[in-house]
Amino acid sequence: MGSESDEREVILGVDGGTTSTVCVCMPLLLFSEFPDPLPVLGRSVAGCSNFNSVGEDVARETLEKVVAEALLDAGVKRSAVKAVCLGLSGVNHPTDQEKILGWLSGYGIAAQALIAVMRAHDGRGPQTMLSSCILQSLGLSSPDELIGWTYADPSWARIAALVPVVVSCAEDGDQIADEILHNAVQELAISVKAVVQRLRLAGEDGKGSFPVVMVGGVLGANNKWNIGNEVTNSILKTYPGACVIRPKVEPAVGAALLALNFLMKETVANGHS
């Protein structure tokens, strides 16, 4: 690595989720207007960093790994880092919100699909295309094997990886898969409504304008059965003034820009130019 890389000051942004963790390394530059595209010196991807799913030790190891690899990709040392912003799922969430959070994630959708497969297998529920499709995707021969597969590693990321199978079955006309996705959409819309009411974002008449930012792998998936679009339509039915925003940059870049913003505010507050 050259001396220019070694001396360059940088900021880091981390987007840590249930499925994956992304870290980007960006140069510490002052922008009057943000360039397009934004300069990213290094980027890395690792596994789940939600400590509720994998535990604190694994979450810490994942964060250390993703940061180290992003710095290596950028060709800079740790001493060059001047600010970091971590956006981590599972942090500071009250216990009573866990059920809602589960439904809003890929884990919640996939978990309901696994339950549907077992219910169909033991006769408590209707037959579903999910049974054969999920077994095929996991290389299993019987629904009985799902119990051992699940308990072998019940991490959220591993189970959430089944979401594309659920979406595919819904697109192919499976009623159970379709119901699972519709229920997930409704739960998210209800959660948005609760937040809007608590914070009074829509005003007294419920028609006020407020932003709704759509982030997350499940919401961003571009399928025929588009979960993000379904959620948007459901929210707009209740709150026509909602302004749905799809970020132009990935969450990790947004975190890095937050780090830059906080650093600049601190610099000004301390009287430095």
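Predicted model: local features only at pLDDT ≥ 70, side-chain atom pairs only at ≥ 80, totals over all residues.
The legends below describe several close-up views of one protein chain.

View 1. Residues are numbered from 1 along each chain as its sequence is written, and side-chain values use heavy atoms, with hydrogens and water left out. The chain contains 13 helices and 6 strands, where helices (H or I, at least four residues) and strands (E, at least two) are DSSP runs numbered from the N terminus. Of its 273 residues, 41% count as buried; buried means under 20% relative accessible area, exposed means over 50%, and partly exposed lies in between, with a 1.4 Å probe and protein chains only. Among contacts with a separation of 6 or more, 66% join residues 24 or more positions apart, a contact being heavy atoms within 4.5 Å.

**View 2. A salt bridge between Glu 9 and Lys 82.** A salt bridge is a side-chain nitrogen of Lys or Arg within 4 Å of a carboxyl oxygen of Asp or Glu, and by this rule the count comes to 5. In one of them, the closest N and O atoms of Glu 9 and Lys 82 are 4.0 Å apart. Because Glu 9 lies in the loop between helix H1 (3–7) and strand S1 (10–16), and Lys 82 in strand S4 (residues 81–88), the pair ties together parts that are 73 residues apart in sequence. Glu 9 counts as partly exposed at 38% relative accessibility, and Lys 82 counts as partly exposed at 39%.

**View 3. A salt bridge between Arg 43 and Glu 250.** Here the side chains of Arg 43 and Glu 250 meet at 2.9 Å, N to O. Arg 43 lies in strand S3 (residues 42–46) and Glu 250 in the loop between strand S6 (242–245) and helix H13 (251–269), so this pair ties together parts that are 207 residues apart in sequence. Arg 43 is partly exposed, with a relative accessible area of 39%, and Glu 250 is partly exposed, with 28%.

View 4. The structure holds 0 disulfides, a disulfide being a pair of cysteine sulfur atoms within 2.5 Å. Cys 133 is in no disulfide, and the nearest cysteine sulfur, that of Cys 169, is 3.6 Å away. Cys 133 is partly exposed, with a relative accessible area of 24%, whereas Cys 48 counts as buried at 8%.

View 5. Val 195, Leu 199 and Leu 201 make a nonpolar surface patch of about 250 Å². Patches are made of residues with over 30% relative accessible area and no salt bridge, with like charges joined within 9 Å and nonpolar side chains (Val, Leu, Ile, Met, Phe, Trp, Tyr) within 5 Å. Leu 201 is placed in the loop between helix H10 (175–199) and strand S5 (210–213), and it counts as partly exposed at 36% relative accessibility. Arg 200 is found in the loop between H10 and S5 as well; although Arg 200 is not a glycine, it has a positive phi of about 55 degrees, and it is exposed, with a relative accessible area of 67%.

Definitions and conventions: Areas by Shrake-Rupley, 256 points an atom, 1.4 Å probe, with all protein chains shown as cover.
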